[in-house]
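Subject: Handing over the structure

Hi,

Here is the structure I promised to pass on to you. Could you open it and keep it on screen while you read?

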Amino acid sequence: MNQPNAFDRREFLIGTAAGSLALASDARATLRVPFQARRTQHVVLVAFAGGVRTRETFGAAGNVPTLEAMAKEGVLYKRAKSSNLGHFGAALSIFTGVSEARGIRENARGEDPTLFEYLRRDLALPASQVWISTSGGAQQTNYSYGLHPDYGARFGANTVDGDGLFNAEFKSILDAWGKPKALSNKEQELLAKLRAAIESRGAAASLNSPESAAQVEKYILEELTSGTADIRGANAADAKALRVARNLLVVFKPKLVAVVLQQADIAHGSYNGYVEVIRQNDAALGELWKAVKGDAELRDSTAFVVVPEFGRDADLNSRRGLDHGDGSNDLEYVTATCWGPDFARGRIVEDDVQVVDVCPTVCELLGARAAKSRAKRLPRLLA
Ligand SMILES: [Zn+2]
């Protein structure tokens, strides 16, 4: 039923219905779940990026109460070695599990498959199950899939931007809504449920017309960007990306939501501004975490992994800001925070690990294999 290589309307409907309308059992029975003993069914992977040193997170009391609370109930990796490549390449490495020495050209897709592709291919997941919410506009749509011939666009993540800009992958799904076609009984049933959900919001209409399909599209867009318009402040784009992730989790209950933050990079010109972004991003992450803990289905089945792509220099620059390029421990080692139903509680791992280890770890947790990554699963993660 869920062929992985088609962004078709049917998959989307089924995925949506399974996610938001709790028609879980039949749709999910088709998913291959090799690690049935594990409780983790959803992962939120936050690239707490823009270059964030441990000194301003776990090294400074009070800046990141959310991360501290997660660590207390989870596992903290204090020495995660980054792939020091520049923001784009280093953040992409989190998703590919490949640390490429030569770096990756900005604004282009990488050669290696991403964890989005591994998950969708191995688990035959429909497009509605794997998402990436970004803070940084067009360039960041390149995270959603790579150019490897065995993987690629047909297994890519849907990309959503906090300002309500949606990339081609997402638009192709929405476009499919507008194409009238014969519906199977199963689809009719799911449509009826969706209609009921929409009508409860006061938008009554038949769904068997392009007009009503457009209404469904509008409804979904509104749901995903709900609450983002009012977000202001130094971290507004990052906070919007986190809010969209929250909405995605509630609407679709997907396997994976990745979030890419970036505004901490204001540090090049302003140390104080950078600290403020970290504090506010931690607060926005706290809202996301709270939403998960307040959702009966997500609460005991959702894991979080939060990790910067790299840190920052040890010393201030001439503008009293912080660049990234000195090769210091502050730059090359970051702290990774993991929280979830299968993870140890209150464990601190002092051993060196790598940021790229996150990719195979998340894949394995959800029952997929990061076949092209040579990184390792994070050690001592499970309870
Ligand atoms: Zn920078």
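A word on the source before anything else. This is a predicted model, where local features need pLDDT of at least 70, side-chain atom pairs count only at pLDDT 80 or more, and totals for chains, interfaces and linings use all residues. Residues are numbered from 1 along each chain as its sequence is written.

**The whole chain**

The protein chain has 12 helices and eight strands. Both kinds of element are DSSP runs numbered from the N terminus: helices are H or I with at least four residues, strands are E with at least two. Of the 383 residues, 50% count as buried. Buried here means that 20 or more other C-beta atoms lie within 10 Å of the residue's own; with 12 or fewer it is exposed, in between it is partly exposed, and C-beta atoms are placed from the backbone. Contacts are pairs of residues whose C-beta atoms, placed from the backbone, lie within 7 Å. Among contacts with a separation of 6 or more, 74% join residues 24 or more positions apart.

**The sheet**

The eight strands make an open sheet with mixed pairing, in the order S4-S3-S5-S1-S6-S7-S2-S8. At its edges are S4 (158-161) and S8 (347-354), and each has a single partner strand, so one side of each has no neighbour in the sheet. On average, neighbouring strands are turned by 20° against each other, direction ignored. Two strands pair if DSSP finds at least two bridges between them. In case this is new to you: strands of a sheet pair through backbone hydrogen bonds, either parallel or antiparallel.

Strand S6 (residues 302-307) shows both senses. S1 (residues 42-47) runs parallel to S6, joined to it by six bridges, and His42 has Thr302 as its bridge partner in S6. With S7 (residues 333-339), S6 pairs in the antiparallel sense over three bridges. There, Val305 stands opposite Cys338, and Val306 stands opposite Thr337.

How many residues of S6 are buried? Six of its six are. Thr302, Phe304 and Val306 are buried on one side, and Ala303, Val305 and Val307 on the other, which leaves both faces of S6 covered.

Angles run from 0 to 180 degrees between N-to-C directions, and axes are lines fitted to C-alpha atoms, for helices over the stretch in contact.

The buried residues of H3 are Thr66, Leu67, Met70 and Ala71. They span an arc of only 135° around the axis, so they sit on the same side of H3. (The arc is that of the directions from the helix axis to the C-beta atoms.) What covers them includes S2, helix H10 (271-293), S6 and S7.

Have a look at Thr337 in strand S7 too. Thr337 counts as buried because it has 25 C-beta neighbours inside 10 Å. Beyond its neighbours within four places in sequence, Thr337 is in contact with Leu67, Met70, Ala71, Gly74, Leu76 and Val306.

Pro65, Thr66, Leu67 and Met70 in H3 meet Asp282, Ala283, Leu285, Gly286 and Trp289 in H10.

**Helix H5**

Helix H5 (residues 115-122) packs with H12 (residues 358-366) at an angle of about 20°, their axes 10 Å apart, so the two are roughly parallel. On the H5 side, Leu115, Tyr118 and Leu119 meet Cys359, Val362, Cys363 and Leu366 in H12.

Seven of the eight residues of H5 are buried, so the rest of the structure largely encloses this helix. What covers the buried residues of H5 includes helix H4 (87-96), strand S3 (130-134), strand S5 (256-260) and H12. After H5 comes Ala124, with a positive phi near 50°.

Happy exploring!

Notes:
Two residues are in contact if their C-beta atoms, placed from the backbone, lie within 7 Å. Angles under 35 degrees count as roughly parallel, over 145 as roughly antiparallel, 65 to 115 as roughly perpendicular and the rest as oblique.
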